[in-house]
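Student: I have a model open and want to learn how to read its features. Can we go through them one at a time?

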Amino acid sequence: EADESINVTLISSKPASFSYDVTVTAMDVTATDPEDYHFDEIMVTFPNGETTVSINVPVNNDDINEMSETFDLQIAVNELEARVLPGTPDVTTILIKDDDNVFVMFDPQNYTVVEGSSIPITVVLDKPAAKEVIVTIDTTAGGNAEDPKDYQFFTCEVTFEVGDTTNSDCMIMAKIDEELEGDEYLIASLSIQGSPSDVLPGDPEIAFVTIKDMPPVTDEDNATIIGDPLFEVPLPNPEDYEDDPALKDASLCYEVHGNSGEIFNLISDGCTSVNALYKEGVLPNTTDLNFMSKIGIAADGVTGQCHTLEFDVDGCKALFDGSEVPLNGISSDGICVRRRGSDYTYIVSVPNCGTTRRLMMWLSCVNTTRLGKPRDDGLNFKVLYADGLRPTSHGLLGQFWNIPLNVTKYNGPFGDKPMRKNAYTVTILPPGSSTTRSFVAHRGPRLWDFRRKPCLYAGNIHAGPAGEVEKDGSVIEGKYTDYRVNDLFSIYLENPDFSKYTGNCTESFGTPSSG
């Protein structure tokens, strides 16, 4: 093929005392004109006394990997020239030998997976192959992560059918452990079965997978939503807000009272939606302090298939696609649920519209004592790791994640007092919006569960003032009833302007209901 042409010689059995013409035509066999070669029917002249004539046939030097192909050239003589007859052979077959190699490689080369989640490893061909290609991936090339202690992976074979160029069928599952050990890594390598001469390892032929360590989780770590519920969101880049050391590692703390027996959206983002069913407080003086009795998660797996996860405080049961999660947990389609021992605690990891983006959550059904109140039996919920939550996320909790906030000192009237020490104005410009909203919060030294860490406490007038802030303006966007949904897995909010979910679960859950 790289020769780009071939010379073909026509031979006469003997010299003639006159000149004469013959016709040469081409016929496709497995090669085709003009894709593989180009030849128009021509008239070839044998001059007086000559016995050989050569013709040139152009061949296409493409970059397509294909099988070797053939075409025929045939001679025809002029019927009016009785002294010139076709000889044997009057047909010649030309073989075009393909010289285009296919290279197999990882793309991308670097992967990051969080403990408790899975990630597909992608292998690509630089061009489609003419025949089936089978690639073996293993993780014995090195790294300080250990199989099966830190991750689980079986030697995996991926098959490229003719025409395929991408395969992500091999999954690596990072295990959750109780050790604080730092990030670890492993090296994956590839080999090509059968060692075909035209399919070769490309660059890169190894991949690096970093396993991000998650610190051990205890009940004391839980503070995102507690009880009635109390919300807590770490402020993004607090060092950029103001030159105030007291804001270092600060969180935004707010409180929204949901109605008992109704379901509200906590997170609505890309390919993940998290809803909570609230239950009325049953202890004395807690009838307005509703807590969560169920959590429902609708999430797209890495294949784009819609999955559901349900967590029920009654028996602390967890369901994946309607089936109970076993004690040893599940890992399927990039979604991982792990039950931590027998303490009724779950760690949940879902891919949020991608293989490197993760949303990791922690749920617990254990009795908890918070804010000095008697024990309530309710679900506690925390976002552990949320590089998957985007600035366009929404929901009672999700709307504050990864959204830039401008925090400045506030020196105006605060409730019934002309001023209050450690008061701040928090200004938000939601992505895609031209309207800012702001509210006043006061900085306290502890989180909702009294752990020492700064919190900017803010109330919400639409939910009934929590007592921390008496000022016009809302912490959340709109009213809390705008975040009401019809069922545990619904992806449509009561206020359609706040619905940000656009994942494949849309097809599973139909269209929003009126009202």
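Student: Which residue in S23 is the bridge partner of Ala299?
Tutor: His307 is the partner of Ala299. Strands here are DSSP runs of E with at least two residues, and helices are runs of H or I with at least four, numbered from the N terminus. Two strands pair if DSSP finds at least two bridges between them. Strand S22 (residues 291–300) and S23 run antiparallel, joined by seven bridges. They form a hairpin with five residues between them. Gly304, in that turn, has a positive phi of about 90 degrees.

Student: What kind of model is this, and how are residues numbered?
Tutor: It is a predicted model: local features need pLDDT of at least 70, side-chain atom pairs count only at pLDDT 80 or more, and totals for chains, interfaces and linings use all residues. Residues are numbered from 1 along each chain as its sequence is written, and side-chain values use heavy atoms, with hydrogens and water left out.

Student: Which residue in S24 is the bridge partner of Asp312?
Tutor: That partner is Lys317. S23 and strand S24 (residues 317–320) pair in the antiparallel sense over four bridges. Here too there is a hairpin, with four residues between the strands. Gly315 in the turn has a positive phi of about 80 degrees.

Student: Is strand S23 buried or exposed?
Tutor: Start with the cut-offs. Buried means under 20% relative accessible area, exposed over 50%, and partly exposed in between, using a 1.4 Å probe and protein chains only. In strand S23 (residues 306–312), seven of the seven residues are buried, so the rest of the structure largely encloses it. Cys306, Thr308, Glu310 and Asp312 point one way. His307, Leu309 and Phe311 point the other way. For scale, buried residues make up 50% of the 515 residues in the protein.

Student: Where does Gly296 lie?
Tutor: Gly296 is in strand S22. Its relative accessible area is 0%, so Gly296 counts as buried. Between Gly296 and Thr308 the C-alpha to C-alpha distance is 7.2 Å, at 12 residues apart in sequence. Contact means heavy atoms within 4.5 Å. Leaving aside neighbours within four places in sequence, Gly296 has contacts including Asn275, Leu309 and Leu488.

Student: Which polar contact joins the side chains of Asn275 and Asn265?
Tutor: One of 2.8 Å. A polar contact is a pair of N or O atoms within 3.5 Å; within protein, one must be able to donate a hydrogen and the other to accept it, and residues adjacent in sequence count only if both atoms are side-chain atoms. The Asn275 side chain also reaches the backbone oxygen of Leu488 at 3.1 Å. Asn275 lies in strand S21 (residues 272–279). At 1% relative accessibility, Asn275 is buried.

Student: Which residues touch the most other members of the largest nonpolar core?
Tutor: A nonpolar core is a set of buried Ala, Val, Leu, Ile, Met, Phe, Trp, Tyr and Cys residues joined through side-chain atoms within 4.5 Å. The largest has 62 residues; Tyr254, Leu266, Ile295, Phe311, Val348 and Phe381 touch the most other members. A second, separate core of 30 residues includes Val104, Val113, Val123 and Phe153.

Student: What lies over the face of Phe18?
Tutor: Arg83 does, at 3.8 Å from the ring centre. The criterion is NZ of Lys or CZ of Arg within 6 Å of the ring centre and within 35 degrees of the ring normal. Likewise, the charged end of Lys409 sits over the ring of Tyr424, 4.9 Å from its centre.
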